[in-house]
Amino acid sequence: MNFAHAEVIDLHLMNRRDQQQQYYHRLLQESLLAEGYRVNIIAEPEMPVARVNKVLESGDLSVHWFLQTAERDKRFLRVDIPLSFGLIGQRLLLIKKGQSAAYSRVKTLADLQAINKRAGLAQGWFDVMVWKENQLPVYEQIGDWQVLFKLLAAGNRDVDYFPRGAIEILDDLAAHPDLEIEPDLLLSYERDFVFYVSPRYPQLRNQIEKALQAALASGLQRRLFDQLLFPKVKQLNLNKRTVINLNTSNKY
């Protein structure tokens with residue numbers, strides 16, 4: 001393919017300390033490349049959700065991946081292609097080592113409510129609304145969300161567990177060997193990551209949506225997902241876990 005006169009797309013994307021970003025960055029880059037664009041990724045430093053919202057709105061960030069919500073649909077330009085094949089909504093519990101017995105009798109949402117364990121979540125995350133709707137206690141971390149790992153490891157009563165998506169929890173565990181994954185539970189809700197584009201760039205939103213539709217149809221998205229994220233998911237034996245379905249309101 002001759003790119004000598006191809007349109008160049010500059011994408012300002014946030015870096016993260018975990019490895020998931022490789023999938024989202026490569027999916028954007030390779031799907032747009034397949035449509036004949038040249039793509040230049042400019043990495044921006046990791047920042048809290050509130051800051052991401054501001055810089056995405058201003059255009060200093062081009063695109064970011066978020067769980068789809070009604071509020072984000074109003075604020076940004078949604079690209080309507082699910083990104084994790086539903087697996088980000090499959091949540092397992094990261095806990096301090098030796099604490100799994102506290103969850104051994106939990107089989108239902110009512111059981112989880114009854115043991116009164118507090119989830120650690122970052123302020124502004126979609127999960128905060130989900131946990132509150134399902135009457136599950138939440139500690140909201142302001143600022144750097146990765147502080148939650150330290151609170152959890154310290155046995156701080158503010159945080160008993162950290163619910164993490166199936167595509168991310170093994171990376172978390174590798175970085176924090178003083179924690180473990182609760183062995184039996186799977187908290188599930190039907191919502192997925194999508195890309196949101198800055199409202200400053202409506203043409204970019206159309207370019208990305210067309211490119212991702214083609215990547216889904218061609219199998220490019222699935223190949224990248226299977227290569228970069230799914231191998232770790234297979235280790236979690238999701239189909240052998242007790243599933244607790246969480247309600248998610250259409251109002252958010």
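The legends below describe several close-up views of one predicted protein model.

Residues are numbered from 1 along each chain as its sequence is written, and side-chain values use heavy atoms, with hydrogens and water left out. Because the model is predicted, local features need pLDDT of at least 70 and side-chain atom pairs count only at pLDDT 80 or more, whereas totals for chains, interfaces and linings use all residues.

View 1. The chain holds 10 helices and 12 strands, where helices (H or I, at least four residues) and strands (E, at least two) are DSSP runs numbered from the N terminus. Its radius of gyration, taken over C-alpha atoms, is 19 Å, close to the 18 Å that the globule rule gives for 252 residues, so the chain is as compact as a globular protein of that length; the rule itself is 2.2 Å times the number of residues to the power 0.38. Along its principal axes the C-alpha trace spans about 60 × 35 × 35 Å. Of the contacts with a separation of 6 or more, 78% are between residues 24 or more positions apart, a contact meaning heavy atoms within 4.5 Å. The accessible surface comes to about 11,900 Å², and 47% of this belongs to carbon and sulfur atoms; such areas come from the Shrake-Rupley method with a 1.4 Å probe, and for residues only the protein chains shown count as cover.

**View 2. The largest nonpolar core and the surroundings of L246.** Buried residues make up 50% of the 252 residues in the chain, where buried means under 20% relative accessible area, exposed over 50%, and partly exposed in between (1.4 Å probe, protein chains only). The largest nonpolar core has 83 residues; such a core is a set of buried Ala, Val, Leu, Ile, Met, Phe, Trp, Tyr and Cys residues joined through side-chain atoms within 4.5 Å. Those with the most contacts inside this core are L11, V63, W131, F195, I208 and L246. When residues up to four places away in sequence are not counted, L246 touches L109, V130, W131, N134, L136, L187, S188 and Y189.

**View 3. Helix α2 and what covers it.** In helix α2, which runs over residues 49-58, the buried residues are V49, V52, N53, V55 and L56. Their cover includes β1 (8-14), β3, α3 and β11 (193-197). Just after this helix, G59 takes a positive phi of about 100°.

View 4. Helix α5 (residues 126-133) has F126, D127, V128, V130 and W131 buried. Q135, in the loop between α5 and β7 (138-141), has a positive phi of about 55° although it is not a glycine, and with a relative accessible area of 62% Q135 is exposed. N116, in the loop between α4 (109-115) and β6 (119-122), is likewise not a glycine but has a positive phi of about 60°. At 47% relative accessibility, N116 counts as partly exposed.

**View 5. The buried side chain of Q221.** Q221 belongs to helix α9, residues 220-228, and is buried, with a relative accessible area of 0%. The side chains of Q221 and Y23 are joined by a polar contact of 3.3 Å; a polar contact is a pair of N or O atoms within 3.5 Å, and within protein one must be able to donate a hydrogen and the other to accept it, while residues adjacent in sequence count only if both atoms are side-chain atoms. Leaving aside residues up to four places away in sequence, Q221 touches Y23, L27, I81, P82, L83, F85, A215 and L216.

**View 6. Aromatic pairs.** A search of the whole structure finds 17 aromatic pairs; rings of Phe, Tyr and Trp (its six-membered ring) pair if their centres lie within 6.5 Å, and planes under 30 degrees apart count as stacked, over 60 as edge-to-face and the rest as tilted. The rings of F66 and F76 have their centres 6.3 Å apart and their planes at 15°, so this pair is stacked. F66 is in strand β3 (residues 63-67), and F76 is in the loop between α3 (70-75) and β4 (77-79), 10 residues apart. F66 counts as buried at 6% relative accessibility, and F76 counts as buried at 3%. The pair of F225 and F230 is tilted, with 6.4 Å from centre to centre and 35° between the planes; F225 is buried, with a relative accessible area of 0%, whereas F230 is partly exposed, with 25%. Ring pairs also link Y23, Y24, W65, F85, F193, F195, F225 and F230 into a cluster.
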